[in-house]
Amino acid sequence: MDNTQINPISLEFFLVFVLITLGVTYWAARRSRSSSEFYTGGGNMSALGNGLAIAGDFMSAAALLGVSAMITQVGFDGMLYGIGFVSGWPIVLALVAERLRRLGRFTFADALSTRVSERPIRIFSALSSLIVIAFYLIAQMVGAGQLVQLLFGLNYNVAIVFVGGLMVCYVIFGGMLATSWVQIIKAVLLLCGTALVAGLTLARFHFSLGELLGTAVAIHPHHAAILAPSALSRDPVSGLSLGIALMFGTSGLPHILMRFFTVPDVKTARVSIFYACLFNGVFFLMVFIIGFGAIGLVMPNPAFHTVSGALRGGANMVTMHLAYAVGGSALMGFISAIAFATILAVVAGLTLSGASTISHDLYACLVGSKSEKHELAVMRAATLVIGGAAIALGIIFRNQNVAYMVGLALSIAASANFPVLLLALRWDGITTAGALYGGIIGLVSAFGLTLLGPSVWVKTLNHPAAVFPWDPPAIFTVPLTFVAIIAISLYTKQK
Amino acid sequence: MLDYPRESKQAPQKAGKGPDIILVSSVSVAYYGFLFAGILVPAMLASPAVLGIPWSFLLGASLLIFLIVSTGIYVLVSNAQDGHHDG
């Protein structure tokens, strides 16, 4: 029962997904002519569609495979990630969404530049956005390469080029409309697939959550300790800091903020955030069942382990093994194809956001576009450049531990973008100097302290001890940025 | 290059600030309360609450449901206020 061999059902499901999404891209390409259609899909998406697309941005392969694997390994600590991701939606809804939607046009820099001087703030927000997108993209590309290699037996480099080529195709030809529909299709498939695995897993325990958790406690080497948040009590500062990064990072992610402009009005934007919160909440509840269910059904089964006792294909394959255990190779094939589709959809959204930053924020608004056609040409060129860079970085970082990169992206989003955006939208006293220098302080401190922290300094650069002991640094850098923006604004205003 | 705030006014907000404050404060209290419970009384969270389900799972799932429901109520209230202003 070696279920890490190439699964023909995975390939079939995946090819069907690729064909359907390429069809959607062709349809979207015929409807996307103006810059507005390319950046926002024409601004006519429904609340449900946009909610699914926004939720899809957070239901990544890392969330499905990584969080379930973390729950299987350490238990309850994995749940904190899911809860943290969902807690970001009420914050973005109450603090950012309405005013951003009323002030902005295509990107969040549009809203910022109505409050402070356009040139410096667009340069800062473009730089910050591109850094956040780059870290997110590298993590997704490396994950994609490893996953495709494992599931379909493709060579790593070929897999990376294949993923990069498809994402460039979606964005260049279909813009936001194609990218959103790819995200919607994937989100529906992912929710259905996750519900199927969670439901079949619960069925094995007579639909009793108590029995499922009781079995997990009996089997896991840490027994009842897996039901308590061990990492939080071991390192409370890092635990709370992670909570801050997850809760406020969402409000500073450029590819999420961009989606508020794809709907016709503020009311629809609000309802779409509610849908995103609902779908993400339900998704993570199912991931918890999958993670704890895998302890009961995968952990004790020697067929899923190598001779040395390690899980076949690595710890992140636990969801695939569980799918095989409860639904055979057909369900495993379906889930594998969904996992890959998930990565494709997320990287397409990131690429679109990065290309929009370059063509709209930097080129059209700062250099000055000759025409709309010219701006779209720049956007397509930027997509090609970002796609090429993503492929190159995916290959360069192949053997690196990139797990910290999503955390780093969220830390920078929470520490640099969120404070600048929040104060620009809600505080009359902000000045250009305050927004710019405060934002730079947030960006540099989040980046620098992550570099000196345990994830990079010890686990990636192999130093014996971290210079900065907490990871992520958001608990320090988010307040620091707020204080810096307010202090510099007050000082420059007085002057 | 660096100047004083531009003349443009703050973004208009039709919905009142009350729902914003209630949502952010209630979500923060619930979320960080949950994290502090994990720091201060982890053993209690691991103990069974009902039908063999531990407090940790029960509170975690309840928190997720609270986040969804509070977001839904906020949207209903804010959109109703918007409609009132539009009307």
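Colleague: What share of the 87 residues in chain B is buried?

Modeller: Buried residues make up 44% of them, and each is called buried because its relative accessible area is under 20% (over 50% is exposed, in between is partly exposed; 1.4 Å probe, protein chains only). Mind you, this is a predicted model: local features need pLDDT of at least 70 and side-chain atom pairs 80 or more, while totals for chains, interfaces and linings use all residues. Residues count from 1 along each chain as written, chains are lettered from A and ligands numbered from 1 in written order, and side-chain values use heavy atoms, without hydrogens or water.

Colleague: How many helices and strands does chain B have, and in what order?

Modeller: Three helices and two strands, running α-α-β-β-α from the N terminus. Helices are DSSP runs of H or I with at least four residues, strands are E runs of at least two.

Colleague: Which residues make the contact between α13(A) and α14(A)?

Modeller: Those helices pack at about 65°, axes 10 Å apart. I290(A), G293(A), A294(A) and L297(A) of α13(A) meet V318(A), T319(A), L322(A) and V326(A) of α14(A).

Notes. Axes fitted to C-alpha atoms, helices over the stretch in contact; angles between N-to-C directions. Contact = heavy atoms within 4.5 Å.
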